[in-house]
Amino acid sequence: QAQLLEANKAKAAADVEALRTFTIARMWLAGQDTADYAFFAHLAMHLDAVPYRNTQYVAVDGTKFYINPDWWNAQTRVTHNSVIIVAILHCTLQHTTRKSMRTPKRWDAACDLAAIDIMLEASMSIPEEMWDHETFKLDREDIAEGYYEVLPEEDEMPDGGNLTEVR
(Lines give C-alpha, C1' and ligand atoms only; values in the text may rest on other atoms or scores of the structure.)
Protein backbone atom coordinates (compact mmCIF):
# COMPACT_ATOMS: atom_id res chain seq x y z
CA GLN A 1 0.00 0.00 0.00
CA ALA A 2 2.94 2.34 0.70
CA GLN A 3 4.28 1.68 -2.81
CA LEU A 4 0.91 2.52 -4.34
CA LEU A 5 0.77 5.74 -2.33
CA GLU A 6 4.26 6.72 -3.50
CA ALA A 7 3.38 5.92 -7.11
CA ASN A 8 0.25 8.08 -6.86
CA LYS A 9 2.29 10.92 -5.32
CA ALA A 10 4.78 10.71 -8.19
CA LYS A 11 1.96 10.79 -10.77
CA ALA A 12 0.35 13.76 -9.05
CA ALA A 13 3.69 15.61 -9.00
CA ALA A 14 4.19 14.87 -12.72
CA ASP A 15 0.67 16.12 -13.45
CA VAL A 16 1.32 19.37 -11.59
CA GLU A 17 4.63 19.86 -13.42
CA ALA A 18 2.97 19.26 -16.81
CA LEU A 19 0.28 21.83 -16.04
CA ARG A 20 2.90 24.28 -14.79
CA THR A 21 5.02 24.02 -17.94
CA PHE A 22 1.90 24.21 -20.13
CA THR A 23 1.06 27.50 -18.42
CA ILE A 24 4.62 28.74 -18.96
CA ALA A 25 4.40 27.87 -22.67
CA ARG A 26 1.10 29.74 -22.99
CA MET A 27 2.63 32.76 -21.27
CA TRP A 28 5.65 32.60 -23.60
CA LEU A 29 3.31 32.72 -26.59
CA ALA A 30 1.54 35.72 -25.07
CA GLY A 31 4.85 37.54 -24.67
CA GLN A 32 5.86 37.37 -28.34
CA ASP A 33 5.74 40.49 -30.50
CA THR A 34 4.35 39.17 -33.77
CA ALA A 35 0.73 38.96 -34.84
CA ASP A 36 1.13 35.23 -35.56
CA TYR A 37 2.09 34.49 -31.98
CA ALA A 38 -0.55 36.86 -30.57
CA PHE A 39 -3.20 34.89 -32.46
CA PHE A 40 -1.97 31.59 -31.03
CA ALA A 41 -1.52 33.04 -27.55
CA HIS A 42 -5.11 34.24 -27.50
CA LEU A 43 -6.42 30.83 -28.52
CA ALA A 44 -4.06 29.01 -26.15
CA MET A 45 -5.63 30.85 -23.23
CA HIS A 46 -8.93 29.15 -24.08
CA LEU A 47 -7.48 25.64 -24.34
CA ASP A 48 -7.75 23.71 -21.08
CA ALA A 49 -4.85 21.38 -20.29
CA VAL A 50 -5.67 17.97 -18.82
CA PRO A 51 -3.06 15.44 -17.64
CA TYR A 52 -3.93 12.23 -19.48
CA ARG A 53 -1.85 9.07 -19.67
CA ASN A 54 -3.97 7.31 -22.30
CA THR A 55 -2.30 9.18 -25.14
CA GLN A 56 1.30 8.65 -26.18
CA TYR A 57 2.18 12.33 -26.44
CA VAL A 58 -0.65 14.88 -26.54
CA ALA A 59 -4.20 14.95 -27.89
CA VAL A 60 -6.72 17.66 -28.68
CA ASP A 61 -10.49 17.48 -29.01
CA GLY A 62 -11.33 21.09 -29.84
CA THR A 63 -11.55 22.41 -26.27
CA LYS A 64 -9.09 20.37 -24.24
CA PHE A 65 -5.37 19.73 -24.61
CA TYR A 66 -4.59 16.28 -23.19
CA ILE A 67 -1.01 15.94 -21.99
CA ASN A 68 0.81 12.73 -21.23
CA PRO A 69 2.83 14.12 -18.30
CA ASP A 70 5.56 11.48 -18.62
CA TRP A 71 6.29 12.53 -22.21
CA TRP A 72 5.58 16.26 -21.79
CA ASN A 73 7.85 16.70 -18.78
CA ALA A 74 10.79 15.23 -20.72
CA GLN A 75 10.47 17.79 -23.55
CA THR A 76 12.04 21.20 -24.06
CA ARG A 77 10.24 24.53 -23.92
CA VAL A 78 10.62 24.85 -27.69
CA THR A 79 8.81 21.54 -28.18
CA HIS A 80 6.08 22.63 -25.74
CA ASN A 81 5.51 25.86 -27.67
CA SER A 82 5.43 24.14 -31.05
CA VAL A 83 3.14 21.33 -29.96
CA ILE A 84 0.68 23.80 -28.43
CA ILE A 85 0.62 25.72 -31.72
CA VAL A 86 0.00 22.50 -33.67
CA ALA A 87 -2.86 21.64 -31.29
CA ILE A 88 -4.37 25.11 -31.69
CA LEU A 89 -4.17 24.77 -35.46
CA HIS A 90 -6.01 21.44 -35.24
CA CYS A 91 -8.79 23.24 -33.37
CA THR A 92 -8.97 26.31 -35.61
CA LEU A 93 -8.80 24.26 -38.81
CA GLN A 94 -11.56 22.05 -37.40
CA HIS A 95 -9.54 18.89 -37.80
CA THR A 96 -11.45 17.37 -34.89
CA THR A 97 -14.81 17.75 -36.63
CA ARG A 98 -13.56 16.80 -40.10
CA LYS A 99 -12.13 13.45 -38.99
CA SER A 100 -15.26 11.46 -39.93
CA MET A 101 -14.54 7.74 -40.45
CA ARG A 102 -10.88 8.20 -41.37
CA THR A 103 -8.24 5.98 -39.80
CA PRO A 104 -6.83 7.75 -36.72
CA LYS A 105 -3.06 7.55 -37.19
CA ARG A 106 -3.24 8.51 -40.85
CA TRP A 107 -5.67 11.40 -40.16
CA ASP A 108 -3.47 12.63 -37.30
CA ALA A 109 -0.44 12.66 -39.60
CA ALA A 110 -2.37 14.45 -42.36
CA CYS A 111 -3.55 17.09 -39.88
CA ASP A 112 -0.04 17.55 -38.50
CA LEU A 113 1.30 18.08 -42.02
CA ALA A 114 -1.37 20.70 -42.75
CA ALA A 115 -0.56 22.46 -39.46
CA ILE A 116 3.19 22.32 -40.20
CA ASP A 117 2.55 24.06 -43.54
CA ILE A 118 1.10 27.04 -41.70
CA MET A 119 3.87 27.07 -39.11
CA LEU A 120 6.61 26.98 -41.74
CA GLU A 121 4.88 29.74 -43.69
CA ALA A 122 5.01 31.85 -40.52
CA SER A 123 8.71 30.90 -39.96
CA MET A 124 7.87 29.00 -36.76
CA SER A 125 9.90 26.05 -35.59
CA ILE A 126 8.50 22.54 -35.48
CA PRO A 127 9.67 19.79 -33.13
CA GLU A 128 12.50 17.75 -34.64
CA GLU A 129 10.82 14.48 -33.71
CA MET A 130 7.65 15.34 -35.63
CA TRP A 131 6.94 13.85 -39.02
CA ASP A 132 7.36 16.31 -41.83
CA HIS A 133 6.82 16.39 -45.56
CA GLU A 134 10.19 14.77 -46.25
CA THR A 135 9.20 11.75 -44.13
CA PHE A 136 6.60 10.90 -46.77
CA LYS A 137 8.31 12.58 -49.75
CA LEU A 138 5.41 15.02 -50.18
CA ASP A 139 5.22 18.54 -51.49
CA ARG A 140 3.96 21.19 -49.09
CA GLU A 141 0.77 23.21 -49.12
CA ASP A 142 -2.19 20.92 -49.05
CA ILE A 143 -5.13 20.55 -46.70
CA ALA A 144 -5.51 17.62 -44.31
CA GLU A 145 -7.86 15.73 -46.65
CA GLY A 146 -5.34 16.06 -49.49
CA TYR A 147 -2.50 14.75 -47.36
CA TYR A 148 -4.71 11.93 -46.08
CA GLU A 149 -5.31 10.68 -49.62
CA VAL A 150 -1.60 10.36 -50.43
CA LEU A 151 -0.29 9.06 -47.10
CA PRO A 152 0.41 5.34 -46.73
CA GLU A 153 -2.17 3.07 -45.14
CA GLU A 154 -2.21 3.01 -41.34
CA ASP A 155 -0.26 -0.26 -40.99
CA GLU A 156 2.47 1.11 -43.30
CA MET A 157 2.98 4.36 -41.36
CA PRO A 158 6.39 4.76 -39.70
CA ASP A 159 6.64 4.70 -35.91
CA GLY A 160 6.75 7.91 -33.90
CA GLY A 161 6.59 11.36 -35.36
CA ASN A 162 2.88 11.86 -34.82
CA LEU A 163 2.90 13.98 -31.68
CA THR A 164 -0.64 15.34 -31.71
CA GLU A 165 -3.63 13.02 -31.65
CA VAL A 166 -6.80 14.55 -33.10
CA ARG A 167 -9.93 13.29 -31.29
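In this predicted model, the loop that links α4 (77-92) to α5 (104-121) contains Gln94. The backbone of Gln94 has a positive phi of about 60°, although the residue is not a glycine. Most residues other than glycine have a negative phi. The relative accessibility of Gln94 is 47%, so the residue counts as partly exposed, because that class spans the range between buried, under 20%, and exposed, over 50%.

A second residue of this kind is found further along the chain. Ser123 sits in the loop between α5 and α6 (144-150), and its phi, near 60°, is again a positive value in a residue other than glycine. With a relative accessibility of 67%, Ser123 counts as exposed.

Turning to the sheet, 4 strands come together in the order β1-β3-β2-β4, giving an open sheet with mixed pairing. The edges are taken by β1 (48-51) and β4 (164-166); each has a single partner strand, so one side of each is left without a neighbour in the sheet. From one strand to the next, the twist averages 25°.

Within this sheet, strands β2 (residues 58-60) and β3 (residues 64-67) run antiparallel and are joined by 3 bridges. A handy place to look is Val58, which stands opposite Ile67 in β3. In general, strands of a sheet pair through backbone hydrogen bonds, in either a parallel or an antiparallel manner.

The sheet also has a helix against it: α1 (residues 2-30) lies across β1 and β3. Relative to β1, helix α1 runs at about 155°.

How values were computed. Residues numbered from 1 in each chain as written. Predicted model: local features only at pLDDT ≥ 70, side-chain atom pairs only at ≥ 80, totals over all residues. Heavy atoms only, no water. Pairing = 2+ DSSP bridges. Helix = DSSP H or I, 4+ residues; strand = E, 2+ residues; numbered from the N terminus. Axes fitted to C-alpha atoms, helices over the stretch in contact; angles between N-to-C directions. Contact = heavy atoms within 4.5 Å. Buried < 20%, exposed > 50% of the residue type's maximum accessible area, 1.4 Å probe, protein only.
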